[in-house]
Amino acid sequence: MTLRQALSEGRFVVTAESCPPKGTAVAGALEEAERLRGLVQAFNVTDQQSSVMRLGSLALCHLLHERGLEPVYQVTCRDRNRIALQSDLLSAAALGVENVLCLTGDHVSMGDHPQAKPVFDLDSVSLLEAARQLSSGHDLAGKELDGTPSFFLGAVVSPGADPVEPQLLKMEKKARAGAEFFQTQAVFDAGAFGRFMEAARPLGKPVLAGIILLKSAGMARFMNRNIPGVHVPDRLIGIMEAAKDRQSASVEVAAGLIRELKPLCQGIHLMAMGWEHLVPRVLEASGLVNGEAG
Amino acid sequence: MIIAEQKPLDEMARMLAPYSRVLIVGCGTCMTVCGAGGEREVSYLHHALRVARARAGGEPRIFLEHTLKRQCDLEFLDLLKDRVAEVDAVLSLGCGVGVQAIAEHFPDLPVLPGVNTSFVGMADEWGVWDERCAACGDCRLADTGGICPITRCTKGMLNGPCAGTKNGKCEASPEMDCGWVLIYRRLETLNQLEKMRRYYPPRNFRTIPRPRRITSRAGGPGETDGPQPA
């Protein structure tokens, strides 16, 4: 069963983030994914996350696909113009990669090549439009394609953004431009997330809530200060601070959140941030096994 | 107007090293207003370069000064004719247009830039200048509440804020306002939020093939595309 089928059947879906290496050593990322085989529906492969130059998302997507693991190809608008983006989308389809998560992308100044030229020829909305247009047999210039891809398109939204209203307006535009599912920035407050879902419900698109594994109280405070749209409540920071075994506390916090969020959304997207080995424990503790409600 | 910053003194001194007689040319328009290259700056720079030369123990260099009303206007450049005959290089404190206008007008004369031309903008307060216009050739301010998304959004996005906005600030710099939050607030005030719900297709970069030319002789003002009259 594919991600598209699972979501259309209303199954509660789990995806995991997969980060390509800085270099050609893909074995580690593939091993991490292998460990989650059968536990998650799909692997969401980042595209030069935080503007740090790495191995390409499409290469890792292809390697996962080859092993029978389902990838979600993240595509950002930071590094390629509309010609290269459309071309890479066609390349993905030719390699059998059809799940595409369309993002604008972080600014180059956040990464390890801050002097690079930022492209942003398209934005997340026009990238969705481009992918949809390719799926209808034409490119952005209206030219007919020889062989038509069939993408399952996703987009991101930040429920904790301040102000959140423009994010909702944009979410609506993304849905109109072809987004079939949404993945969110990390959620730590089920109450606030519930209010966001109230506002997003009329769109009728499945939402996967982002879950980041907290590694320490310091990391939580750092995210609160620096990561837009992320707010870790003091209660969770307190749990991490008091913990003797931080990994167990991290599992407990994530599983607790997932149990609270499950009635509110259609799935979760797990960002393990290097603690990928804890994902099976998180899924078990939250009552999610084999990517479905246990 | 055009905003520029004067280059560091040591960079200018290095550029001037091969020349012994130099004319420093200021510009009476934008460069005077932004304090990068008006008559006063020409005079300060003249003395600063003289002192720097003396400290470095080099041969004294002859400096002449002249500030034109506008360097980007051929009519005013003619006024330099006699002065340039006395020098072996010009240091222009005009914007990039001024430097190139002098170079075009005096083909045998080396012309050096004394400022880094930065952007089209305005003063927030004296000494603080903000970019406001990208000169993109395809103005969409009618749709964005009079706030430019090409300039004020660091990614130049057309369809609303990215998820990198935090407390109304930009992910690229916590001191910088998120252009799209400004646009959102303004459209809300104007009761025009429906403009933010619209889809704006990708920009047409054919409107800005470089170098651009606008001619009012054929095709009417604002025609920048297609063949140009000889």
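Predicted model: local features only at pLDDT ≥ 70, side-chain atom pairs only at ≥ 80, totals over all residues.
1. How much area do domain 1 of chain B and domain 2 of chain B bury between them? The figure is about 380 Å², and carbon and sulfur atoms supply 58% of it. On the side of domain 1 of chain B, the residues that lose the most area to domain 2 of chain B are B:Arg132, B:Ala134 and B:Cys136, which together make up 84% of what that side buries. If you have the model open, those three residues are a handy place to look.

2. The contact between these domains involves five residues of domain 1 of chain B and five residues of domain 2 of chain B. There are zero salt bridges between domain 1 of chain B and domain 2 of chain B, while two residue pairs are in polar contact across their interface, both at pLDDT 80 or more. By type, the residues of domain 1 of chain B that touch domain 2 of chain B are three nonpolar and two charged, with no polar ones.

3. Now to the meeting of the two chains. Chain B brings 28 residues to the contact and chain A brings 33 residues. Between them, chain B and chain A bury about 2,400 Å², with 56% of that area coming from carbon and sulfur atoms.

4. Which residues form the salt bridge between the chains? The partners are B:Arg197 and A:Glu172, and their closest N and O atoms lie 3.6 Å apart. The count between chain B and chain A is one salt bridge. Polar contacts also cross this interface: 15 residue pairs, both at pLDDT 80 or more, are found between chain B and chain A.

5. On the side of chain B that touches chain A, the elements giving two or more residues are α8 (179-189) and α9 (194-197) of chain B. Of these, α8(B) gives the most, with three residues. Sorted by type, that side of chain B has 14 nonpolar, seven polar and seven charged residues.

6. A:Asn224 is worth a look in this context. Its place is in helix α8 of chain A, residues 217-226. A:Asn224 counts as buried because its relative accessibility is 19%, and the cut-off for buried is under 20%. Setting aside neighbours within four places in sequence, A:Asn224 is in contact with A:Val230, A:His231, A:Val232 and A:Ile237, and also with B:Lys166 from chain B.

7. Is A:Thr76 buried or exposed? A:Thr76 is buried, because its relative accessibility is 4%. This residue sits in strand β3 of chain A, which covers residues 71-76. Not counting residues up to four places away in sequence, A:Thr76 touches A:Asp47, A:Leu85, A:Leu103, A:Thr104 and A:Gly105.

8. Finally, back in chain B, B:Glu59 lies in the loop between α3 (39-55) and β3 (62-68). B:Glu59 is classed as exposed because its relative accessible area is 62%. B:Glu59 and B:Ser20 are 39 residues apart in sequence, and their C-alpha atoms are 8.3 Å apart in space.

Technical notes: Residues numbered from 1 in each chain as written. Chains lettered and ligands numbered in written order. Heavy atoms only, no water. Helix = DSSP H or I, 4+ residues; strand = E, 2+ residues; numbered from the N terminus. Buried < 20%, exposed > 50% of the residue type's maximum accessible area, 1.4 Å probe, protein only. Contact = heavy atoms within 4.5 Å. Buried area = accessible area lost by both parts, 1.4 Å probe. Salt bridge = Lys/Arg side-chain N within 4 Å of Asp/Glu carboxyl O. Polar contact = N/O pair within 3.5 Å; in protein donor to acceptor, adjacent residues only side chain to side chain. Nonpolar A, V, L, I, M, F, W, Y, C, P; charged D, E, K, R; others polar.
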